[in-house]
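Come along and check each entry against the picture.

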Amino acid sequence: MRYSQMLIPTTRETPAEAEVASHQLLLRGGFIRKLASGIYTYLPLGLAAVQKVARIVREEMNRAGAQELLMPMVQPADLWKESGRWQKYGSELLRFTDRHERESCLGPTHEEVITDLARNELQSYRQLPMNLYQIQTKFRDEIRPRFGLMRGREFVMKDAYSFDIDDAAAGRSYDRMYEAYHRIFRRCGLDFRAVEADTGTIGGSFSHEFMVLASTGEDTLVICGQCDYAANVEKARVAIRAGQQQGGAERIEEVKKVATPGMKKVDAVAGFLGVATDRVIKTMVYLADGDPVAVLVRGDREVQPVKLKNLLGAAEVELADDETVYKKTGLPVGYLGPVNLTLRMVADQEVMLMNNSIAGANEKQFHLTGVQPGRDFQPALTGDLRQITAEDRCPSCGGPLTLTEGIEVGHIFKLGTAYSEAMRATFQDREGQARPFVMGCYGIGVSRVVAAAIEQNHDENGIIFPLPLAPCQVIVLNLGINSEETTSAAERLYEELRQGGLEVLYDDRDERPGAKFKDADLLGFPYRVTVGKTFEKEGKVEIRRRRDGHTETVPCGQAAGYIVELVRGELAAFESNG
Ligand code: ATP
Ligand code: MG
């Protein structure tokens, strides 16, 4: 590829709307352009990066025995009504009506379509197991599309679906995908972890997320330092420690009302009463599918919304703002408490272990002391509702935990028979009995992988592509375009590298060396070869590795062979690593 002929609109300024590195660098490097909120055009280099990921995904899915197909993006509402998700999926599902008044949606995922296909086309246990996948554009009307390719509304996903005769077989399909995903992300050259995960709207019983470790990740993971436990905090179970009673069980007090003028926050109340915040019961109002519910946690804890959602069996939960709380309940915000509260209450398991605690009095400017859970109030539900912290212990082995940020690039689920039963998708077993398929589904955010790779691999000058994902492995800079000799040497090098099977960008533009160096750093291809002054003086070219700036000069005639060997060797290492 000749730079002068290519559409690579790089810019020097950092676009104001881009908050994270991958978004900034993909825009600045001319990889993507925004069309509308969360909707992007992939320019040639952006598309090349996405295709690199897609190719690795395809190879490993095929190796694992999956078959590629391509399903429609437009899906009839009727299928979604059968599965029950037309109601449940919420506003991320973009629904519309066609000219015949038929309701449809743009596919955010394809469980319904594939289950429909399976019930029509798979009849016998002899056809199973079967794993079908596609690489396709998805649409989700994300509430906050952001960070460029990281959370788009339109994005490229690989989604696979497995069909098995029973749980044991489905478990083997799941394990095969778990392995394949490890191979995929290793081959992409990424630092990642598989973690236990919540199953979300897709449903199902069991799942793992694959997380690229990066400080800008929207997910938080907890990792045990002692065993191999790793989980998304949405899922990570908080283990109650033996004897975790608090607040002086020595003497149970009576409830007393105390004036706490202007003290609406836990910190203020605790400070005023001279106790630690873990003695206060924090009462918050959430809207669960629109209905107010009081949520109780210890004063020093945070509610984990996904755990709350699961405990309540709600599709969506959201913290209510002060005005809504007042409107919906007439209660004084800041002074809420569980005693004589008329709202439905759910409490974190730890709340039930508190003694002589402090809580709002449901009356402005007053709190209660001596509050005894169980005696003074009884929540409708109790469970593990709070966010795990680094001070907690591993729920599996009791070891120390660390919390770290990650970007979810893949997600695998055991679906069981949820979809096949709802949609009556059955096969005949050995005895001729009709049985529902036992299913699994497996997603990879192909376009998000590109963003995640950049979040993990960049510096102040630009992208540092892992070799397997780089749109080109080498950029050749011709710094003497007015010199015939330099130019013909650079052209020859470019040709030789291409003949050696490498993907090369040849910078033949009439630009200052400074601009060429800057663009080369920004684009982030693994090797830069400069044909310039050193060539004119000594017939040598400079080879620089983007990752660490390691530089060497070699005679021009030997350069191509040397680089081809280098790149091939490194690529082979990634592939065998898979
Ligand atoms: P998230 O929690 O980030 O919204 P999800 O759990 O909704 O993700 P899945 O339904 O499991 O995602 O989809 C499979 C994969 O598709 C995810 O692991 C992620 O890599 C990718 N993905 C999901 N939503 C987006 C999006 N809005 N933009 C880009 N990629 C996405
Ligand atoms: Mg999502």
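**Entry 1: Arg-151**

Which side chain does a polar contact of 3.1 Å join to the side chain of Arg-151? I looked it up, and the partner is Glu-142. Before going on, I noted that this is a predicted model.

Next I asked where Arg-151 sits. I found Arg-151 in the loop between β7 (130-139) and β8. Is Arg-151 buried or exposed? Its relative accessible area is 19%, and buried means under 20%, so Arg-151 counts as buried.

Arg-151 also reaches the ligand: an N or O atom in its side chain is 2.7 Å from an oxygen atom of ligand 1. That sent me to the ligand for my next entry.

**Entry 2: around ligand 1**

I began with the neighbours. There are 15 residues around ligand 1, and those that come nearest are Arg-140, Glu-142, Arg-151, Gly-152 and Glu-408.

Arg-140 has a polar side-chain atom 2.9 Å from an oxygen atom of ligand 1. For Arg-448, an N or O atom of the side chain is 3.0 Å from an oxygen atom of ligand 1. How much of the ligand's accessible area does the protein cover? On its own, ligand 1 has 580 Å² of accessible area, and the protein covers 87% of it.

I wanted to know what kinds of residues make up the shell. I wrote down six nonpolar, four polar and five charged residues. Which strand gives the most to the shell? The answer is β21, with four residues. I also noted that β8 (154-164) and β21 (401-416) each supply at least two residues of this shell.

**Entry 3: salt bridges**

How many salt bridges does the count come to? I found 43. I picked a few to follow by eye.

Arg-2 has 28% relative accessibility and counts as partly exposed, whereas Asp-508 is buried at 17%.

Next I turned to Arg-85. Its side chain meets that of Glu-111 in a salt bridge of 2.8 Å, N to O. This pair spans 26 residues, from Arg-85 in helix α4 (residues 85-88) to Glu-111 in helix α5 (residues 111-121). Both Arg-85 and Glu-111 are buried.

Arg-85 has a salt bridge with Glu-112 as well, where the closest N and O atoms are 2.7 Å apart. Arg-85 lies in helix α4 and Glu-112 in helix α5, so this pair ties together parts that are 27 residues apart in sequence. Glu-112 is buried, like Arg-85.

I also found a network: shared partners in salt bridges join Arg-55, Glu-59, Glu-60, Arg-63, Arg-183, Arg-187 and Glu-575.

**Entry 4: two hairpins**

I traced β1 and β2 next. Strand β1 (residues 32-36) pairs with strand β2 (residues 39-42) in the antiparallel sense, over four bridges. Across the pair, Ala-36 stands opposite Ile-39 in β2. The two strands form a hairpin with two residues between them, and Gly-38 in the turn has a positive phi of about 70 degrees.

Strand β18 (residues 357-360) and strand β19 (residues 366-371) are antiparallel and pair over three bridges. Here Gly-360 stands opposite His-367 in β19. How many residues lie between the strands of this hairpin? I counted five, and Asn-362 takes a positive phi near 60 degrees.

**Entry 5: Tyr-527**

My last stop was Tyr-527, in strand β29 (residues 527-531). Tyr-527 is buried, with a relative accessible area of 2%. I checked one distance too: Tyr-527 and Lys-516 are eleven residues apart along the chain, and their C-alpha atoms are separated by 14 Å.

Definitions and conventions. Residues numbered from 1 in each chain as written. Chains lettered and ligands numbered in written order. Predicted model: local features only at pLDDT ≥ 70, side-chain atom pairs only at ≥ 80, totals over all residues. Heavy atoms only, no water. Near = heavy atom within 4 Å. Polar contact = N/O pair within 3.5 Å; in protein donor to acceptor, adjacent residues only side chain to side chain. Areas by Shrake-Rupley, 256 points an atom, 1.4 Å probe, with all protein chains shown as cover. Nonpolar A, V, L, I, M, F, W, Y, C, P; charged D, E, K, R; others polar. Salt bridge = Lys/Arg side-chain N within 4 Å of Asp/Glu carboxyl O. Buried < 20%, exposed > 50% of the residue type's maximum accessible area, 1.4 Å probe, protein only. Pairing = 2+ DSSP bridges.
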